[in-house]
Amino acid sequence: MADRFIMIRYYLLLVWILLPLLPYAQVDSIDIALRSRPETPETVDWLHKAIEPLKRTDSELLEDYARKTLALAQEIGYRSGEGKALELIGLSLKHRDQYEDATSHYLQAIDIFRQVGDRVNEASAQINIANLYDELGQSDRAKVEMQQAISILEQEDAPMTLSRARLNLGVVYFYLEDYDSALYYFNEVMKYRKEVQDTAGIAILYLNTGNVYEMQGDLEAAKEGYMEAAKWTKDDELLAANIFLGIGNILLMQNDEEGLEYLEQGMKVAKDTDQPYMVQVGTSYYKKHYLRQKDYEQAYKYLDEEYKIDDEIRGEQVQKEIEVLSLKYEDERKAKQLAELQAEQAQQRLFLVLTGGASVALLIITLLVVYVLRLRTRNNKLEMVGLRTELDQKNKELASYALNFIQKNELLGELTDKVNEIKKSASEKTRHSLNQLNGVINSSMRIDQDWETFRKMFEEVHTGFFTRLKREYPELSNADLKLSALLRLNMNLKESSRVLGISSDSVKTARYRLRKKFGLNTEDNLIDFLIAFDAERVSASAS
């Protein structure tokens with residue numbers, strides 16, 4: 001198993017080296033072959049398949065060839081070929097964040113497919129539109145488009161495309177926090193994967209089901225999902241490490257010390273199969289366990305170990321986390337100092353009251369004592385202001401954590417693309433291994449867990465921010481609350497775009513809609529509004 005994984009890593013390295021050359025070598029072969037082919041529908045279909053890999057390598061080159069294909073299809077009157085070319089153009093535009101033009105081409109493709117009665121390709125184009133809406137954060141529109149695609153595919157003989165649509169709809173429901181619907185569609189996809197005996201796919205779906213239950217807070221159901229995933233995976237397979245670590249984490253969240261045994265087992269598989277990233281994940285679970293136990297010495301020990309492992313993988317992200325944890329330790333120390341200063345001030349005020357009724361004979365002495373105490377009080381207040389300023393500064397530095405937790409998923413996304421390229425020319429045995437690796441990568445892209453960690457840190461400083469905001473403005477969605485938190489930290493457009501995983505234009509649109517929900521006028525500043533809203537909580541606490 002270790003040798004197989006080493007071979008996979010070798011293939012990945014080879015792809016990294018050769019990937020920049022692939023589009024040009026591919027284009028040369030397409031141009032050469034195209035010269036000897038007649039202008040027929042078969043040539044258009046061949047060209048579509050030939051340029052398909054460009055979706056992952058060069059979107060501009062994809063658009064150029066798709067437009068040539070469109071011209072050829074129009075010249076010979078091949079309508080389905082026109083529709084497919086328009087769909088590929090839309091896809092290339094979407095990759096470059098030209099969402100309006102992409103949508104226009106998708107809609108043209110759908111209109112052509114409807115005219116010629118090509119229902120499967122019509123549904124495929126609708127899935128692409130749904131994914132575009134989902135990328136823009138418009139989950140409700142994405143849901144409608146995906147449901148329409150599924151309605152079509154349920155009447156056609158296209159189980160693979162139907163499975164893809166259902167899986168995507170399940171993901172949309174997941175981000176809408178409609179977990180019951182997400183589970184329903186995951187289960188529907190499960191039926192298909194069991195029918196085609198995709199054991200790796202089945203294990204991954206059970207793993208994802210466990211993730212859903214974990215997000216719902218149903219730890220028992222999450223554990224059952226992970227346990228089912230384990231049944232479909234051999235103990236020494238790559239995916240087993242992820243599953244055992246997931247089981248261990250859930251058990252520890254349930255205060256079941258048996259979870260440490262599963263973590264140990266998962267770490268062993270990860271090390272035996274040469275999966276440094278999973279070793280890092282297991283180390284992180286140990287760290288979180290000891291944080292819950294408030295054993296900060298052990299937590300810091302595992303965080304330091306996590307940094308050493310991650311130095312070869314992501315380096316900077318864990319370094320930031322170390323800084324954040326150090327800041328939290330420093331904040332705790334400063335908070336204790338503030339408490340001590342406040343207690344000292346209370347003692348001083350009591351002393352002033354007691355000495356207020358002293359005799360005239362002690363008046364001079366009392367005045368001197370009052371003078372000294374006031375001087376000390378003023379110095380203490382100055383020190384408190386300095387401490388609070390330092391705490392505020394360190395709190396701002398926590399925002400940098402949000403800009404780093406997406407780096408992991410960007411890397412994993414790139415790895416997925418490389419694996420998919422290799423699968424096209426790999427043997428059946430190697431493809432099976434690559435599918436398992438894809439499963440491990442996909443199951444590790446858990447942005448919501450990173451966001452949950454950030455949310456807890458944010459709430460420690462801005463207590464009750466999300467609860468009060470949702471109570472005052474109940475129409476706010478989960479995406480609105482995330483954007484509000486980033487704006488409260490005074491993040492700019494580019495930073496918010498990176499954290500939310502959407503384009504800058506999409507952030508602009510989301511901010512515009514958020515202003516409408518808050519009932520703000522054009523001249524009102526959205527960030528100032530959220531800062532003032534949070535300050536109301538501080539004022540209320542002070543009063």
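The exercises below, each with a worked solution, concern a predicted model.

Local features are taken from this predicted model at pLDDT of at least 70 and side-chain atom pairs at pLDDT 80 or more, whereas totals for chains, interfaces and linings use all residues. Residues are numbered from 1 along each chain as its sequence is written, and side-chain values use heavy atoms, without hydrogens and water.

**Exercise 1. Overall make-up**

State how many helices and strands the protein has, and what share of its residues is buried.

Solution. Start with secondary structure: helices (H or I, at least four residues) and strands (E, at least two) are DSSP runs, numbered from the N terminus. The count gives 27 helices and 0 strands. Next, take burial: buried means under 20% relative accessible area, exposed over 50%, and partly exposed in between, with a 1.4 Å probe and protein chains only. Of the 543 residues, 47% count as buried. Last, take contacts, defined as heavy atoms within 4.5 Å. Among contacts between residues at least 6 apart in sequence, 62% join residues at least 24 apart.

**Exercise 2. The pair α13 and α14**

Describe how α13 and α14 pack, and list the residues that make the contact.

Solution. Two packed helices are described by the angle between their axes and the distance between the axes. Axes are lines fitted to C-alpha atoms, for helices over the stretch in contact, and angles run from 0 to 180 degrees between N-to-C directions. The axes of α13 and α14 come within 7 Å and cross at roughly 160°. Angles under 35 degrees count as roughly parallel, over 145 as roughly antiparallel, 65 to 115 as roughly perpendicular and the rest as oblique. Helices α13 and α14 are therefore roughly antiparallel to each other.

On the α13 side, the contact is made by Ala240, Ala241, Phe244, Leu245, Ile247, Gly248, Asn249, Leu251 and Leu252. On the α14 side, Gly259, Leu260, Tyr262, Leu263, Gln265, Gly266, Met267, Val269 and Ala270 take part. For the classes, Ala, Val, Leu, Ile, Met, Phe, Trp, Tyr, Cys and Pro count as nonpolar, Asp, Glu, Lys and Arg as charged, and the others, Gly among them, as polar. Sorted this way, the α13 and α14 contact has 13 nonpolar, 5 polar and no charged residues.

**Exercise 3. The pair α3 and α4**

Work out the relative direction of α3 and α4 and the classes of their contact residues.

Solution. Helix α3 (residues 41–51) and helix α4 (residues 59–76) pack at about 170°, with axes 10 Å apart. That angle makes α3 roughly antiparallel to α4. Residues in the contact include Val44, Leu47 and Ile51 of α3 and Leu62, Tyr65 and Leu72 of α4. By class there are 10 nonpolar, 3 polar and no charged residues.

**Exercise 4. Positive phi in loops**

Locate Glu177 and Asn255 and give the phi and exposure of each.

Solution. Glu177 sits in the loop between α9 (159–175) and α10 (179–195). Its phi is near 65°, a positive value in a residue other than glycine. With 40% relative accessibility, Glu177 is partly exposed.

Asn255 sits in the loop between α13 (238–253) and α14 (259–272). Phi of Asn255 is likewise near 65° and positive. Asn255 is exposed because its relative accessible area is 62%.
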